[in-house]
Amino acid sequence: MVTSRDVAARAGVSQATVSRVMSQKPGVTPVTAEKVLVAARQIGYVPHGAARTMKTGRSGNIGVVVDDLANPYYPELLQALDTEARGAKVRLVVWLAGKRANPAAIEAIRSGTIDGLLFTTATQSSEELSEAIDSRRPVALLNRRIPDFPFDQIATDNVAGGRLVASHFLSRGHTNIGFIGGPPDASTTIDRLAGFRARLAEAGEPLPEDLTVHSEYSHRAGFEAYSKILAARKNVTAIFCANDLLATGVVDADRDESGGEGAPLAVVGFDNVSLSEWSTYSLTTVRQDSRAMARWAIRRILMRVRNPDLLEVQKLLPPELLLRRSSP
């Protein structure tokens, strides 16, 4: 029988390091973790948890892949997922995706130490997503949408959300309008921009390319994108930001630029994270129902664990525009 001691010898590390890697505890560099996982695959080592899974067919673990916990939307979504998972008596195992694939997530997919996998952020090029599909584990997307991919998906109707923001700006008489989005290959960016652009075009106010900026979803990115938009046109009166972090960056940049003088810039975000309610920002934003999204995702992935042959379902939740001081 192959043991963790054999893996340690093969990888040239201590048995304690192997244990830390297999139990996904901190304190091991990514390079060392990858070395241990490669050694385990080479000699056919199966962790104790996976061995139990072989007997029962279930691990009681649901994996969740997230991107950036600095974005407050993801901790709030994870909290909602954890609440639903506890109610269903299953455990969540969380991995950060980052720019490179997380080796621990991929190993869990391959070894079967999770029963299913939820992606809160993914593109068609995601390595973890490709591994999950190849492993034939139950997979579901939430807060992301990849058309024509054969698995369960739930998201806010981001196209409708973008249209809501455009209609709001138009009803307030804005005609010089900008857009700041996240990565151009993220479905959230694609859909929110598509709905926003289409509604403006219908009203005869097409969105200019020089007022459309793509970056990462962060406060710093919003702060810097504001300068790019003002460099293109000084007479911009309203900006739609594809998430609330971007919007807070724009609000802060506008305060620095204007010094509180002149007509205020109308700013709208997306997500309705807790900081959007802070009096510092009081963001008008599009609300996503994270609790409903989490409830559906957990129930759906467990249904698919029990019955892998279920037909795939793609569900969209209605958005809601919340008016606050940033664009009353």
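**Entry 1: helix α9**

I began with α9, where Ser187, Thr188, Thr189, Asp191, Arg192, Leu193, Gly195, Phe196 and Leu200 are buried. Buried means under 20% relative accessible area, exposed over 50%, and partly exposed in between, with a 1.4 Å probe on protein chains only. Helices (H or I, at least four residues) and strands (E, at least two) are DSSP runs, numbered from the N terminus.

I noted that this is a predicted model, in which local features need pLDDT of at least 70, side-chain atom pairs count only at pLDDT 80 or more, and totals for chains, interfaces and linings use all residues. Residues are numbered from 1 along each chain as its sequence is written, and side-chain values use heavy atoms, with hydrogens and water left out.

What do the buried residues of α9 pack against? I found α8 (158–171), β6 (177–181), β7 (212–214), β8 (238–241) and β9 (266–271). Contact here means heavy atoms within 4.5 Å.

I then checked the length of α9. The expected span is 1.5 Å times one less than the number of residues. For the 16 residues 187–202 that gives 22 Å, and the end C-alpha atoms are 22 Å apart, so the two agree. Just after α9, Gly204 has a positive phi of about 75°.

**Entry 2: helix α12**

I ran the length check on α12 (residues 290–306). Its 17 residues should span 24 Å, and its end C-alpha atoms are 24 Å apart, which agrees. α12 is mostly covered, with twelve of its 17 residues buried. Among them are Met293, Trp296, Ile298 and Leu302. Arg300 and Arg304 are also on the buried list.

I looked up Glu84 next, which lies in helix α5 (residues 73–87). Is Glu84 buried or exposed? Its relative accessible area is 13%, so Glu84 counts as buried. Leaving out residues up to four places away in sequence, Glu84 touches Arg291, Ala294, Arg295 and Ile298.

**Entry 3: the cores**

A nonpolar core is a set of buried Ala, Val, Leu, Ile, Met, Phe, Trp, Tyr and Cys residues joined through side-chain atoms within 4.5 Å. The largest one has 64 residues, and Leu81, Leu118, Phe169, Phe196 and Ile239 have the most contacts inside it. Its largest share, eight residues, comes from α12. A second, separate core of 14 residues includes Leu129 and Phe151.

**Entry 4: confidence**

pLDDT is the predictor's confidence in each residue, from 0 to 100. The protein averages 86, and 88% of the residues score at least 70. I flagged residues 52–56, where the pLDDT is below 50.
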